[in-house]
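Here is a short report on the structure shown below.

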Number of protein chains: 2
Amino acid sequence: MDRADLAADVVRRLAHVTAALRHRQDSVFAELGLTPAAARALHELDPDRPSPARDLAERLGCDRSNVTALVDKLEQAGLVERRTDPADRRQKTLVVTGPGRGVRAGVVEVMSDSRLLAALSDEELRTLRDLVWKVSDDGCPEQCDTR
Amino acid sequence: MDRADLAADVVRRLAHVTAALRHRQDSVFAELGLTPAAARALHELDPDRPSPARDLAERLGCDRSNVTALVDKLEQAGLVERRTDPADRRQKTLVVTGPGRGVRAGVVEVMSDSRLLAALSDEELRTLRDLVWKVSDDGCPEQCDTR
DNA sequence: TATTGTTATACTCTATAACTATA
DNA sequence: TATAGTTATAGAGTATAACAATA
């Protein structure tokens, strides 16, 4: 098998593995009562450092206008609160509530969960980590996000 | 770094790399005048073995009703033709046209393209292939598709 | 009755543009 | 005048349910 075929194989398999990861994540999000996008928004909110909606849009790599709807859902579910910033009344600070912290913990867990990698030994896992890092350092410029 | 953190790191990076891959693919699809879903549909059509729409839905892992709209687009672009199967007049066979073959070749190329992997030596690439295979063999049951 | 493809409809995600209330 | 958040709107992708033609 020559290099091009080998690389094509890797690309296909990577897509396959990531689709499976995504699939599991989305079904857990659904169990938590969240759509995938809402779950990812909650994931980006640091419960210990409330931040304005503007920042969230930036971290999600999407337009501000979408954040409105996402936060609407999270707020209706009681997971997040909007508070007008007294220092600049244009801004609304997004605060993760008590229940929000709990749900967010579930989101964080599944997003870094790795049952999929169970087949690998510790050493294989380290090797994979190094290779994937090498690829993403080199081939992933600024514009990439993790959506 | 313990195993859980290591695995979480791998998961994050994998998502990152695949997002970058997807990003590049989608922009090439756009240059070819195709939406991502239409491009993936064309990718699934074997020019040498025309098949009914039913099969395409199955390969894409989506509902038949979506295939209608996807094939509408491909047909309007002159890349695919619908032909009623004389043997079973309920079925419509999807035939990739001459121009369709050319565009499909571009889709196939970018979907197995691997400039992203350029940073790896031949040996590293083989190692990565083996590890990714191991993961996908073990951790990806039937329900996964490559979307 | 069962199946193929289609239509109608709805929901999610995302983007652009225009609006408001602040600054 | 510029910025933060919102609203209105649109397009892509996907799903369910009902329908016509055919088997």
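Contact means heavy atoms within 4.5 Å. Helices (H or I, at least four residues) and strands (E, at least two) are DSSP runs, numbered from the N terminus.

This is a predicted model, so local features need pLDDT of at least 70, side-chain atom pairs count only at pLDDT 80 or more, and totals for chains, interfaces and linings use all residues. Residues are numbered from 1 along each chain as its sequence is written, chains are lettered from A and ligands numbered from 1 in the order in which they are written, and side-chain values use heavy atoms, with hydrogens and water left out.

**Helix 3 of chain A**

Helix 3 of chain A spans residues 53–60, and its buried residues are A:L56, A:A57 and A:L60. Buried means under 20% relative accessible area, exposed over 50%, and partly exposed in between (1.4 Å probe, protein chains only). Why do these residues lie on the same side of helix 3 of chain A? They cover an arc of only 100 degrees around the axis, which puts them on the same side. The arc is that of the directions from the helix axis to the C-beta atoms. The cover over the buried residues of helix 3 of chain A includes helix 2 (36–44), strand 1 (51–52), helix 4 (64–76) and strand 3 (92–96) of chain A. Just after helix 3 of chain A, A:G61 has a positive phi of about 70 degrees.

**The interface of chain A and chain B**

On chain A, 52 residues are in contact with 51 residues of chain B. The size of an interface is often given as the accessible area lost when the parts come together. Between chain A and chain B the buried area is about 5000 Å², and carbon and sulfur atoms give 72% of that area. Buried area here is the accessible area (1.4 Å probe) that two parts lose on being put together, summed over both. A:R3, A:R13 and A:V135 supply 12% of the area that chain A buries against chain B, more than any other three residues.

The rule finds 12 residue pairs in polar contact across this interface (both at pLDDT 80 or more). A polar contact is a pair of N or O atoms within 3.5 Å; within protein, one must be able to donate a hydrogen and the other to accept it, and residues adjacent in sequence count only if both atoms are side-chain atoms. Helix 1 (3–31) and helix 6 (122–139) of chain A each supply at least two residues of the side of chain A that touches chain B. Helix 1 of chain A gives the largest share of that side, 19 residues.

**Salt bridges**

A salt bridge is a side-chain nitrogen of Lys or Arg within 4 Å of a carboxyl oxygen of Asp or Glu. Between chain A and chain B it is four. Some examples follow.

| Pair | N to O distance |
|---|---|
| B:E124 and A:K134 | 2.8 Å |
| B:R3 and A:D122 | 2.7 Å |
| A:R115 and A:D113 | 2.9 Å |
| B:D130 and B:R129 | 2.9 Å |

B:R3 and A:D122 pair across chains, from helix 1 (residues 3–31) of chain B to helix 6 of chain A. B:R3 is partly exposed at 31% relative accessible area, and A:D122 is partly exposed at 42%. In the pair within chain B, B:D130 is partly exposed at 44%, whereas B:R129 is buried at 18%. Salt bridges that share partners join A:R24, A:D113 and A:R115 into one network.
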